[in-house]
Amino acid sequence: MEKTEGVLLIHAVGGGDLGFPGVRSFDGSLPDLDGDPQGEGKDRRPLRKVFEGLASAEIPVSLVVLLGTTTPGGPGDRTFGEHADEIRARLTSEAGLYGVRFDPAAVSVVRVEAPTLGDGSEALRRWLLRRSPTDILITCGSGAFALSAGAVCAALAARRPARIIHIDAPRRPYVLDGPRDMDTRLQSWLLRHRFWDALAEVDPTNREVWELLAARQAGDTTYATAMRERSNADTGHGITEGRIGKFTETWPTAQAALFERIGRGEAADYGLLRAWFAGRLRRLFDREESTLPSRARDQIRRLIDMLTYRGDGERGLTGHIRMTARQLWSAPATGCGAMLKDDALIKLYTAASTHRAHLSSERLAGLLPSTLLDAADRWEKDDQGVKLVSHTGRTGWPVLGSGDVLGLLAVGLDHDGRETEDRLAVQTVLAELRKRRESLPRRGAVRLRLLATSEAKERAHMLARWAAEDGDADVRVIASVSADFEAARDAIVAGLASEAAPTGKWGSRSLRDVDELVLVLNPGPPLTNYGMIAAGVEWSLTAACPLWVTELIRRRDAASELHGGQRVLARLGADRLLAGLAVSAVRRLDLRTARRLVGRGSDTLRDVMPLLAALENDLFGAASDGWMAAERLTAARRRLTLLAEVCRDRRHRVPVAYVAVETLRPALFSWGQWDGLRTAGPALKELGRLANESIQGHALDRQGRGRPRSARSDADVREVLLRAVRDLGGPARSDDVLVVQYKSVVNALEVIYRESA
């Protein structure tokens, strides 16, 4: 790699450099690079202001990069790239330019295909990867904001330190950085995503609360039972004797485990869904039996028996569900009828009941069935976990999210004929927010906050009133946003925080609970836009949600366009938090969740995706048709060896027996082969029994409201797993292949976590 030390100045060549600040059309215009050295305003060229300001602040510049677009239509019928070449020639000439002179090797021109954030970012990123400047200064305010923002994104992507300077105040560089209190932020992200076991590690003061919630999420009621038996008095932290009783009950535990994990799309959710389906239908039927027509009553009773004792959709159970639903079409509205006629729920159940959904690399995506959403909302209203979290001084998040998407858009100053253009731009932004909402588990609100300085406040309110006519959008104005970077950031964050307070439950309408945040860069005051970026980074970390940055391309008298959807701002803090969460998910073997978290980060974090995908396939994937019996046995031993290793780590609760059985059949062995293996191997038979006794298996539908049998300790389950490895012909030298692979994934994520600090 070529290494060139020193301070690097990056400047996007725009109209202001040629004497045309703010001009949108250059027909017949003749450029002037020099301007008036003694003049003010548009007569003084941006680079002259920058070089003089940096010199007075004693900030030396060793390298210069000029960004120039290659699209036609610039002043003098030349592209801005060609004008950048001329500026470079003047800067490196004997006479110099703007009072400075550089060696030819110190000034470069980076050509950009189009004046967009994405094009500028990619072109400059490639250039930066070959250099190692000690500091990067990026100018703004010369009329080429998209390229300036692209330069910031390029520096982040290349992992280079960067500061922003305005051409009118170059003595005061601004650092676009994430908040310092990242340990507190990590706890918030763990809380939002309900990583209770990891919270117990980082917040030992409230360890009992987090461990109790972690056990419930894993479907384990024995932890709460033991806690209640240790003392008849309150244990503190809000864990009263009456409250802890709910944690010993099977049905509330199953609901909590399902709803908390289904929002993350974890593999274990599908076993819980199958169990919940039968349990929910049974309870509805108990309440409504006397009001149902006799034929429908008999059909539902028969269906509940089948769900309880068979639970296998591959044997035609789904057909019985649909047949029973038909019996209820003409019957009065009932809870049973609504549940069985919810086609989206039946499709989801069908996938879950086959035992293959656990192994699928796809997670639950998009809108969840209405029956499931309604059940989650009812459960959450009385959830004891919400109360326990509040006793720690924190406020949680809705279990299935809010469904809300928030967009931030800065409003610029007015000019002739801009009203139609503004309306089209807002319409484009709202359409994009609605599109992003479609991928969320529930349909919440589309929220747009228009950011306006005092000069643009009236226009912003006018646009908000117009947007209010455009359906369900919640559009408001955050006014008096300063044109100063830091003041703009603080005003925007304060405006977002001033709205409704979070409650920990769905429906609070708090902006802290949004599921996704989109920053829309808009031509306008550059420091206001940068203030919006800084505020967006701050708020995404506060809300523990993913952040996108996109660019609004305006078309006069035509629909505007949004270019790009970069996650590079995750480098400013979210990468560290996402890596921390992903490590926790991998240690629980929730690899689908880990991939989802990694996919929300920057390219740096997403580089781990192939490692995650390979581990997920090797642990959960189905055998190829051509695999011989020996290959299937080897894969089975490797999977069980990894699960035995996971049992060593007591920090993370995993329903190991259930997961173990799901990795073996039908992925590696057919049902007939599995029965034969259990008959020949006592440990495999015991493993199957332990899996069936779990809430993820059949404990709920076979025991009704009764308590499950006493759970085996992790050490006991690990011993069963190791015996099962022997039943399968092991141990063999290569049985630890998956353990090595698992540790390499954890290490890769931990490296990113440390480096992102």
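**Salt bridges, a mixed sheet and a covered helix**

Arg595 and Glu616 are both buried (under 20% relative accessible area; exposed is over 50% and partly exposed in between, with a 1.4 Å probe and protein chains only). The model is predicted, with local features requiring pLDDT of at least 70 and side-chain atom pairs pLDDT 80 or more, while totals for chains, interfaces and linings use all residues. Residues are numbered from 1 along each chain as its sequence is written, and side-chain values use heavy atoms, without hydrogens and water.

Arg595 and Glu616 form a salt bridge, with the closest N and O atoms 2.5 Å apart (a side-chain nitrogen of Lys or Arg within 4 Å of a carboxyl oxygen of Asp or Glu). This pair links helix α23 to helix α25 (helices are DSSP runs of H or I, at least four residues; strands are runs of E, at least two; both are numbered from the N terminus). The structure holds 55 salt bridges. In another, Arg185 and Glu538 approach to 2.7 Å between N and O atoms, joining helices α5 and α21 across 353 residues. Arg185 is buried at 15% relative accessible area, whereas Glu538 is partly exposed at 22%.

Six strands make up an open sheet of mixed pairing, in the order β9-β8-β7-β10-β11-β12 (strands pair if DSSP finds at least two bridges between them). Its edge strands are β9 and β12. Within the sheet, β7 and β10 are parallel over five bridges, and Leu408 stands opposite Leu519 in β10.

Helix α7 (residues 207-217) has eight of its 11 residues buried, including Trp210 and Arg216. Just after α7, Gly219 has a positive phi of about 80 degrees.
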